[in-house]
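Please report on helix packing and selected side chains in this model. Keep it brief.

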Amino acid sequence: PIALFMEGSIAQAKWDKAISSGITAAQLGKTILISGISFYLYNEVSFFALDAVDPVTHAVGNTIKRVILILLSVVAFGTKMTPASAA
């Protein structure tokens, strides 16, 4: 409730901008719902993994996962890498 009060107008402006770009309210709502469910499931799996392995192993695995996701994003979106942006 506090976040909605503080940032409701920003969220409404972003919603309106997305709708004006051609996506329907139903498509946008479905995308937001899928995003929320995916994030919840990611957190659940992360806690299951944390229960199964040592916290240091979990942290190292999470760091490796982040590096792999960044590299895959660079390839998927064709982002040009420079020495400054790679550091």
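At what angle do the axes of helix α1 and α2 cross, and within what distance do they come? This is a predicted model, where local features need pLDDT of at least 70, side-chain atom pairs count only at pLDDT 80 or more, and totals for chains, interfaces and linings use all residues. Residues are numbered from 1 along each chain as its sequence is written, and side-chain values use heavy atoms, with hydrogens and water left out.

**α1 against α2**

The axes of α1 (residues 2-20) and α2 come within 9 Å and cross at roughly 125°. That makes α1 oblique to α2. Angles under 35 degrees count as roughly parallel, over 145 as roughly antiparallel, 65 to 115 as roughly perpendicular and the rest as oblique. Axes are lines fitted to C-alpha atoms, for helices over the stretch in contact, and angles run from 0 to 180 degrees between N-to-C directions. Helices are DSSP runs (H or I, at least four residues), numbered from the N terminus.

From α1, Trp15, Ala18 and Ile19 meet Ala25, Leu28, Gly29 and Ile32 of α2. The residues of this contact divide into 6 nonpolar, 1 polar and no charged. Here Ala, Val, Leu, Ile, Met, Phe, Trp, Tyr, Cys and Pro count as nonpolar, Asp, Glu, Lys and Arg as charged, and the others, Gly among them, as polar. Contact means heavy atoms within 4.5 Å.

Trp15 sits in α1. Leaving aside neighbours within four places in sequence, Trp15 is in contact with Ala25, Leu28, Gly29 and Ile32. Trp15 and Leu28 are 13 residues apart in sequence, and their C-alpha atoms are 8.3 Å apart.

**α2 against α3**

α2 also packs with helix α3 (residues 55-77), at an angle of about 140° and with the axes 9 Å apart. α2 is therefore oblique to α3. Tyr42, Ser46, Ala49 and Leu50 of α2 meet Pro55, His58, Asn62 and Lys65 of α3. By class, this contact has 4 nonpolar, 3 polar and 1 charged residues.

His58 belongs to α3. Not counting residues up to four places away in sequence, His58 touches Ser46, Ala49, Leu50 and Val53.

**Aromatic pair**

How many aromatic pairs are there? The count comes to 1. Phe39 and Tyr42 form this tilted pair, at 6.2 Å centre to centre with 35° between the planes. Rings of Phe, Tyr and Trp (its six-membered ring) pair if their centres lie within 6.5 Å; planes under 30 degrees apart count as stacked, over 60 as edge-to-face and the rest as tilted. Both residues lie in helix α2 (residues 25-52), 3 residues apart, about one turn of the helix.

**Accessibility**

Buried means under 20% relative accessible area, exposed over 50%, and partly exposed in between (1.4 Å probe, protein chains only).

| Residue | Relative accessible area | Class |
|---|---|---|
| Trp15 | 30% | partly exposed |
| Phe39 | 53% | exposed |
| Tyr42 | 35% | partly exposed |
| His58 | 18% | buried |
| Met81 | 44% | partly exposed |

Why does Phe39 count as exposed? Its relative accessibility is 53%, and exposed means over 50%. His58 counts as buried because its relative accessible area is 18%.

**Met81**

Met81 is placed in the loop between α3 and α4 (83-86). Leaving out residues up to four places away in sequence, Met81 touches Val74 and Ala86.

How values were computed. Helices (H or I, at least four residues) and strands (E, at least two) are DSSP runs, numbered from the N terminus.
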